[in-house]
Amino acid sequence: MNKIPSVDLKLFTSGNPEDKARFVREIGEAFENIGFVALSGHFLSDELVERLYDSVKRFFALPEEVKKKYEIPGIAGQRGYTSFGKEHAKGRTAGDLKEFWHFGQYVEDDPELAATYPENVTVTEVPEFNEAGRETYQMLEKTAQYVLRALALRLSLEEHYFDNYIHNGNSILRPIHYPPIESEPKDAVRAAAHGDINLITLLMGAHGKGLQVQNHEGAWIDAIARPDQLMINVGDMLSRLSNNRLKSTIHRVVNPPRELWGTSRYSIPFFMHPISEMPLNCLEHCIDEDNPRLFEDITAGAYLQERLVELGLTKK
């Protein structure tokens with residue numbers, strides 16, 4: 001496959017059984033063949049997207065010493081600011097050419113669970129950043145819930161299989177700033193080739209060249225969405241659960257041509273995580289003689305911890 005398929009979530013939410021079945025088939029085939037889709041019909045408004053990008057740009061334009069006061073030690077970068085070059089892809093030592101922020105879950109009905117998550121960090125210099133971040137988090141979480149309902153049906157599960165696992169899940173909204181490149185990078189790109197940890201990722205800001213996906217033939221193809229679309233991909237957790245029926249695809253963000261080195265790039269992925277207790281054991285009906293079990297049993301929380309160590313964000 002040499003092109004990212006497009007799907008429309010409104011088919012699934014239309015109330016028409018034929019439209020709903022069509023969406024399940026289209027997104028299922030895309031995730032089985034390449035692991036990425038460009039999705040329209042989501043729950044983000046144009047006004048919210050504009051407010052978020054405006055506040056994101058204002059936050060990252062703050063002086064470095066101001067941003068660094070929001071870099072919280074001891075929480076593996078799971079909330080607040082992570083400074084330039086700190087994160088690297090699995091298997092690499094060169095830091096990616098980016099800085100980013102993490103918004104986490106807003107738990108309102110489970111005080112015990114809320115106490116296990118780090119608190120969200122409030123930026124006093126840009127109040128709109130906090131407000132737009134929270135609204136965007138909740139709209140992307142709602143969008144992801146419907147996508148996972150469709151994928152549950154594709155995997156011959158009950159439609160609401162994921163609902164209890166993702167309610168108050170450990171999801172992350174990550175506004176990313178790739179600053180202008182000032183000199184020839186030695187061994188670094190904006191985001192080195194990697195697979196995502198989580199169930200699914202919903203990406204805002206894939207409207208220009210930079211994001212590339214590696215197809216099953218090993219070729220890198222550009223992943224470009226329309227302004228009204230989100231780019232959505234399968235993460236490693238969902239790949240494990242489905243015994244790799246749904247493909248977690250390697251992707252990267254490459255450096256721009258030299259003539260564009262002086263420009264910033266912004267993107268905002270939402271990493272949909274379940275609660276830590278969710279078992280990622282391969283579904284039994286996804287295992288047979290032609291598709292033997294590929295992964296050991298593990299919980300979402302234990303798997304996340306393993307990967308954070310590999311990314312250099314925490315220690316064992």
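Author: Helix α9, residues 300-310, gives the most to the lining of the second largest cavity: three residues. This is a predicted model. A search of the whole structure finds two cavities of 30 Å³ or more.

Now take strand β13, residues 265-272. Eight of its eight residues are buried, so the rest of the structure largely encloses β13. Buried here means under 20% relative accessible area. In a regular strand, side chains alternate between the two faces of the sheet. In β13, Arg265, Ser267, Pro269 and Phe271 point one way. Tyr266, Ile268, Phe270 and Met272 point the other way. Both sets are buried.

What does β13 pair with? Strand β5, residues 172-173, is one partner: two bridges join it to β13, and the two run antiparallel. There, Ile172 stands opposite Phe271. Strand β6, residues 176-178, also pairs with β13 in the antiparallel sense, over three bridges. His177 has Tyr266 of β13 as its bridge partner. Then comes strand β8, residues 200-204. Five bridges link β8 and β13, again antiparallel. Ile200 has Met272 of β13 as its bridge partner.

Notes
Residues are numbered from 1 along each chain as its sequence is written. This is a predicted model: local features need pLDDT of at least 70, side-chain atom pairs count only at pLDDT 80 or more; totals for chains, interfaces and linings use all residues. Side-chain values use heavy atoms; hydrogens and water are left out. On a 1 Å grid over the protein atoms alone, a cavity is a set of points where a 1.4 Å probe fits but cannot get out, and a pocket is an open set with protein on both sides within 12 Å along at least five of seven lines; lining residues have an atom within 4 Å of a point. Grid points are joined across faces, edges and corners, and a volume is the space filled by probe spheres set on the points. Helices (H or I, at least four residues) and strands (E, at least two) are DSSP runs, numbered from the N terminus. Buried means under 20% relative accessible area, exposed over 50%, partly exposed in between (1.4 Å probe, protein chains only). Two strands pair if DSSP finds at least two bridges between them.
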